[in-house]
Number of protein chains: 2
Amino acid sequence: MDIINYIENVGQRAKQAAQLLASTETAQKNRALIAIADSLLAEAAMIIAANKKDLQAGREKGLDDAMLDRLTLNQQGIELMAEGLNQVASLADPIGSITDLDNRPSGIQVGRMRVPLGVIGIIYESRPNVTADAAALCLKSGNAAILRGGSEAIHSNTAVAHCIQQGLESAGLSRDCIQVIETTDRAAVKALLHSKNYVDVIIPRGGKGLIKHVTEESEVPVIKHLDGICHVYIDDQADLEKAVKVAVNAKTHRYGVCNAMETLLVAASVATEFLPQVAASFQQEQVELRGCERTQKILPHCIAATEADWGEEYLAPILSIKVVDDMAMAITHINHYGSHHTDTIMSQDYSKIRQFFRQVDSSSVMANTSTRFADGFEYGLGAEIGISTDKLHARGPVGLEGLTSQKYIVLGEGHTRQ
Amino acid sequence: MDIINYIENVGQRAKQAAQLLASTETAQKNRALIAIADSLLAEAAMIIAANKKDLQAGREKGLDDAMLDRLTLNQQGIELMAEGLNQVASLADPIGSITDLDNRPSGIQVGRMRVPLGVIGIIYESRPNVTADAAALCLKSGNAAILRGGSEAIHSNTAVAHCIQQGLESAGLSRDCIQVIETTDRAAVKALLHSKNYVDVIIPRGGKGLIKHVTEESEVPVIKHLDGICHVYIDDQADLEKAVKVAVNAKTHRYGVCNAMETLLVAASVATEFLPQVAASFQQEQVELRGCERTQKILPHCIAATEADWGEEYLAPILSIKVVDDMAMAITHINHYGSHHTDTIMSQDYSKIRQFFRQVDSSSVMANTSTRFADGFEYGLGAEIGISTDKLHARGPVGLEGLTSQKYIVLGEGHTRQ
């Protein structure tokens, strides 16, 4: 009961802060962002000490090396956080911009004004840098934020929160603009997911388990992607030299990321030429290959893929490969097994690329490009708070604009409707 | 159980049809719209006969005159439906349009392509013309539609559905593009609201009871507005002649509509001059006035407003009036008691209008204009499927664009991420 009251109180204060933030001037928001960056740098020793407590507790709890790595904040990590805040300060402020102010036959003038969503709840796991990154994007886009990090990073997040509060205050903004939940009680997450009177959208950041839980439990709308099952389709009209380069990059540039390729689709008529070339590169990188029957005929050392492989996000040096009759079969496979994240066609054929773009139902559809480019920075959004594979509101990488909405504004001179 | 299977089957077929519709050419969609219009006109006698069955059943069930009126379809009503379809055919097709195809430093080119949402479920009450109107907007925007009208209009809706099917077929499109649920079993609505694997968005059209029920029950995202509690604020810098005209129009132009004014807010320093003028006009129109204490001092015949009045959508010749100290108090009142629909300031003061626009958290914010203009046609959207007071995705009147989303498209020449 205490937790429910606590979260309700946090929500009320966030909602009030959001009302002020919606019309706060750009310069003041930027001053706060820069002040938070300065505070993070000034308090680096304090943050590192807090992080050491989390790391020690993590080791005692038996967290694996990958998790401890994600949890670690060193001097360089703090400098990166500060740099991120300064970068967000330098981005254009989307709020208040008015577009399409057109005259209508009735005499009124109608346009749209970009406005914040209101209160954004971010629920995330181990990486403490999300605290600063998410705070920056919410603040710049005029939204109040409620941040709930993982229990394993509680000391680090509390330390970062302290710097955020200092920065807000020194710029004359309310501390309620960005609140960090400083309890590890899981009831707080549940209460947050049911705060539909105070919270306008929830953004989960973390593993599949977290995102699935948040999506199922939340009464508040959620912006999320659950899986990143990305495909590269090698068309019979592909430039095979480029195709090898792109396929290898899409798989091996980084393994544990949502925009890495998980399944390679190859048109039958080029499979005999293409597959041995690309397999040689994957062998060098020690990527395990799991192929369909037709793939195995060309690559005899390849493991047999099962039905489950086509729907699997490996996040590891593993790749499934399927030979398809043609592009239509590739598109059907992608729309059926994919996760609507990012899919690429390698082809020099103009009409096929146009068709692939229309028919593949994913948040990013690419031609002759590595799936690894699906990213807010690479797309020029300046920063990203996540990637959405949903269709309503935001789709693809979500930057500042994805944290806003547009309302209509109407100007008249005493106009009445006849 | 039968109903659940039936709706699942409808959903599956809609999803398949949506995949084809997403890349159907504009000309073919237009041919279907025009063919549906022609079919409605050709089958007018059949539709009117079906409608007579509904009207008779309605009279036997004791529906009131207003409901019977909404249910009635005559020759003129059918001609209006056909005209609506032809108008939607003449609108620009939003699907496939590509914007902002910019070059990035990495060498890739990134843009956004407008795409359909997928499958749209429309749940509506008595008015059978919604069947044709909603079908037209969904089809033009490349979405498959599942339409569920009220049981009191079942014969009319089935007759209109027959014309829709004829039109789709004669244009070579699948009948599954627009499916009308032809059972009056309420379990069908429930099943539809839980079809999150097949339906991308639900749009309820009807009274507050229906919308509340749909919102609470639905697992599928909903685009809706629940209330239309619209305000006109008369500032102390208002042109009082215009203010009287706009206030009277906003209240009396039509009573039963969501964009009618329900509460009039008046700055104290002009209340003594303004209120008697506007009250005289309202008296002529037989509008009942319910005022705060300060209003009653100026208009002694005015009934006392209670706390409940400020949150009431009358949809009737009743108006609540409150005298406020200043604009800040008006904005606080609007954001607290309003429904985020449409609110107007009457003022000649530049800075105040800018402030009102930033601080009033409504889907339409107006200056010196009647709230009655909040409408898809008046805004130039060509048509509207409803008005959204939500913040995510669509806000304000929802036209073709509101039924679409944008995905990212990326063009390269074998680019890889370094």
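Glu378(B) is buried, with 21 other C-beta atoms within 10 Å. Buried here means 20 or more other C-beta atoms within 10 Å of the residue's own, exposed means 12 or fewer, and partly exposed is anything in between, with C-beta atoms placed from the backbone. Glu378(B) sits in the loop between S13 and strand S14 (386-388) of chain B. Which residues does Glu378(B) contact, leaving aside its neighbours within four places in sequence? They are Arg104(A), Ser106(A) and Phe373(B). A contact means that two C-beta atoms, placed from the backbone, lie within 7 Å.

A quick word on the ground rules. This is a predicted model, in which local features need pLDDT of at least 70 and side-chain atom pairs count only at pLDDT 80 or more, while totals for chains, interfaces and linings use all residues. Residues are numbered from 1 along each chain as its sequence is written, and chains are lettered from A and ligands numbered from 1 in the order in which they are written.

**Chain A as a whole**

Chain A has 14 helices and 16 strands. These are DSSP runs numbered from the N terminus: H or I over at least four residues for helices, E over at least two for strands. The radius of gyration of chain A is 24 Å, close to the 22 Å from the globule rule for 418 residues, so the chain is as compact as a globular protein of that length. For the record, that radius is taken over C-alpha atoms, and the rule is 2.2 Å times the number of residues to the power 0.38. Along its principal axes, the C-alpha trace of chain A spans about 70 × 65 × 40 Å.

Buried residues make up 53% of the 418 residues in chain A. Of the contacts in chain A with a separation of 6 or more, 72% are between residues 24 or more positions apart. Chain A is divided into domain 1 (2-224 + 394-410) and domain 2 (230-375), with bounds that come from an automatic or database domain assignment. The centres of these two domains of chain A, taken over C-alpha atoms, are 35 Å apart.

**Where the chains meet**

The contact between the chains takes 57 residues from chain A and 57 residues from chain B. On the chain A side, S16(A) gives the most, with 11 residues. By class, that side of chain A has 19 nonpolar, 24 polar and 14 charged residues. Nonpolar covers Ala, Val, Leu, Ile, Met, Phe, Trp, Tyr, Cys and Pro, charged covers Asp, Glu, Lys and Arg, and the others, Gly among them, count as polar.

One open sheet of 10 strands has mixed pairing and the order S1(A)-S2(A)-S16(A)-S13(B)-S12(B)-S7(B)-S8(B)-S11(B)-S9(B)-S10(B). Strands count as paired if DSSP finds at least two bridges between them. The edge strands are S1 (98-103) of chain A and S10 (303-304) of chain B, each pairing on one side only. Within chain B, Thr342(B) has Ser364(B) in S13(B) as its bridge partner.

Another open sheet of 10 strands, also with mixed pairing, runs S10(A)-S9(A)-S11(A)-S8(A)-S7(A)-S12(A)-S13(A)-S16(B)-S2(B)-S1(B). In S11(A), Val324(A) is the bridge partner of Ala267(A). Helix H11 (residues 268-284) of chain A packs on this sheet, touching S7 (230-234), S8, S9 (288-291) and S11 of chain A, at about 145 degrees to S8(A). Axes are lines fitted to C-alpha atoms, for helices over the stretch in contact, and angles run from 0 to 180 degrees between N-to-C directions.

| Strand | Partner | Bridges |
|---|---|---|
| S16(A) | S13(B), residues 364-369 | five bridges |
| S12(B), residues 342-346 | S13(B) | four bridges |
| S8(A), residues 261-267 | S11(A), residues 318-324 | five bridges |

Most residues other than glycine have a negative phi. Phi of Asn368(A) is near 55 degrees, a positive value, and Asn368(A) lies in strand S13 of chain A. Asn368(A) counts as buried because it has 23 C-beta neighbours inside 10 Å. Phi of His393(A) is also positive, near 65 degrees. His393(A) belongs to the loop between S14 (386-388) and S15 (396-398) of chain A, and with 20 C-beta neighbours inside 10 Å, His393(A) counts as buried.
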